[in-house]
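Here is a short note to read beside the model. Keep the sequence and the 3D view open as you go.

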Amino acid sequence: MQRLYDMSAVPRERTTVVRRWALIALCVGCLGILGAPTADAAQPTQQSAPDGFVPMDDVPAEEQLPAAPLLAAAYIVVWVIAIGYLWTIWRRLGSVEKELADAMRRVDTDGA
Amino acid sequence: MRRFLQVAWLVVRKDLRVESRNKEMLLTTLFFAASCVLVFSFGFVRGGEAIDGSASGVLWITIAFSGTLALGRAFERERHHDALRGLLLAPADRPAIYVGKLLGVLLLLAFVEALVVVMVAFLFRAPLFRHGWWLLTLLSLGTIGFASVGTLFSAMLLRTRSRAVLLPVLLYPVTIPVLIMGVSGTFALVQPEPDLALARLWASMLVFFDVVFLTLALWTFEPVMTE
Amino acid sequence: MNKRAFPALIGLSLVFFGVAPILIVRAPNEQEMGLIQKIFYFHFASWMAMYLAILVLGISSALFLFRRKPSADRLAVAAAEAAVVFGLMGLITGPLWAVKSWGVWWTWDARTTMAMILELILVAYLILRAYGGPGSDRLAAGLGMFAMANLPFLYVSTEIWRTIHPPTSVVPQLPVDFGLPLWWSVAGFIVLCLALLTARARLEEERATLDRLYLALEDE
């Protein structure tokens, strides 16, 4: 029988490429996250009391929040969001590809 | 152009005629707006004194709430007996139909606002009529901005599921700038020393947003409503 | 196009993100704000990536609305999600900077208000896509164009009103010590944005293929 559907958009050998690379990126990114705090933590030792820092007008110097944890938090948040989002794409791609493979098998057996 | 206005006027007249038979939308929206202001006054008025600056906020929130209620049903009538299809099949400019619907909503909201302004001025002891023309300008500009987006979205949502929920979810984020400007402009008018320059600034920003919203709405109504 | 694009883009973005911390650590501290100013490199870059995603969203929405290209619709979904993700980064890194340099976590100045509104519009877009059901795609395209219409306002908001937020016009005047890590991070975020767009659009394509397959199965 004739094939009604168009599979040209998703050839089989291609389907896993995106997932595989996303997985690699996830792993490298996680390493980056582990590395990030150490990089940030190392920094204050070099420049713990920046010269010429002017405190907020109305906040006494001893009540100033330390900058390093905020900075580290900001960078970690960016990493976590990026990797988290990539992970959701990876998972959704996985489930759709599984479903796609199932459906294709069914079409093949029906068509045969 | 004349034909465009004619079609718009025909749509307005059709809605007005339907409305004049049972006054359903007018009365329910008015009642809703009145109860909104009452609820706010229980919350924000203590011992006859309103919380500082609450009047302008209450005014605009009530308009936004009752506007959503009205917009939700602006196209509801067209759903019965597939009247929308008939309307869209008519040999007329689609944007003209949009403009007609928008005028109908604006007319309805004008009644609502007349009631709400009086109630807020009375219950919150706000000097809303001190600069009446400025208030009228802000109200009409803000309402045009709010209703132009609202009419478009309400028309688009006709074909989707869970219309009633999705209209406010989509409408409020897009129209927040208009509401902020309306509230800030009105606040500049009712504070003890009114700041007319500030009110003018907000009014001109409103004009800007109105133009952008109306242009976008007229531009997208046609392709969005085409089956 | 997709086959090679995603690995290349994600690899490139990893290079950018790997080198960026080195450049940022080596950049001098800003005189007034000190160490905390270094958040700026990622904060600004995430907004740039969000601008890009919203531009893609608006243009592909218009293409879908006026030219009826289904592929444009799929790209629009991807762009909206990416814009929410980068907007979230900007909205979280912003307060972390503000609490140090302004003394408050959040303040409703023109720029932050517009940024929050834009993020809300995009989340509303995703809600519409998720729960609107059939027929909501064209409405979503209209909403996407409204989101893009807000972009110029967001950009000029610090120039029109005198606000606490630093204006955008300071960026081109940055000395090279600050400029290099900044534009390096911006490039990294933009490449990451393109990578996410490719992957997400791919997911949408496969879903469309799956739908076609199921339809074909039902027809048999």
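How many residues of chain C are in contact with chain B?

1. The count is 20 residues of chain C, in contact with 19 residues of chain B. Contact means that the C-beta atoms, placed from the backbone, lie within 7 Å.

2. A word on the source. This is a predicted model; local features need pLDDT of at least 70, side-chain atom pairs count only at pLDDT 80 or more, and totals for chains, interfaces and linings use all residues. Residues are numbered from 1 along each chain as its sequence is written, while chains are lettered from A and ligands numbered from 1 in the order in which they are written.

3. Back to the side of chain C that touches chain B. Helices H2 (39-67), H4 (110-131) and H5 (136-149) of chain C each give two or more residues to this side. H5(C) gives the largest share, 8 residues. Helices here are DSSP runs (H or I, at least four residues), numbered from the N terminus.

4. Now helix H3 of chain C, residues 70-101. Its 32 residues reach 46 Å from first C-alpha to last, close to the 46 Å expected at 1.5 Å a residue. The expected span is 1.5 Å times one less than the number of residues. Of the 32 residues in H3(C), 24 are buried. Buried means that 20 or more other C-beta atoms lie within 10 Å of a residue's own, with C-beta atoms placed from the backbone. Just after H3(C), Gly103(C) takes a positive phi of about 90 degrees.

5. Finally, Cys193(C). Leaving aside neighbours within four places in sequence, Cys193(C) is in contact with Ala49(C), Leu52(C), Ala53(C), Ala82(C) and Phe86(C).

Methods:
Two residues are in contact if their C-beta atoms, placed from the backbone, lie within 7 Å. A residue is buried if 20 or more other C-beta atoms lie within 10 Å of its own, exposed if 12 or fewer, and partly exposed in between; C-beta atoms are placed from the backbone.
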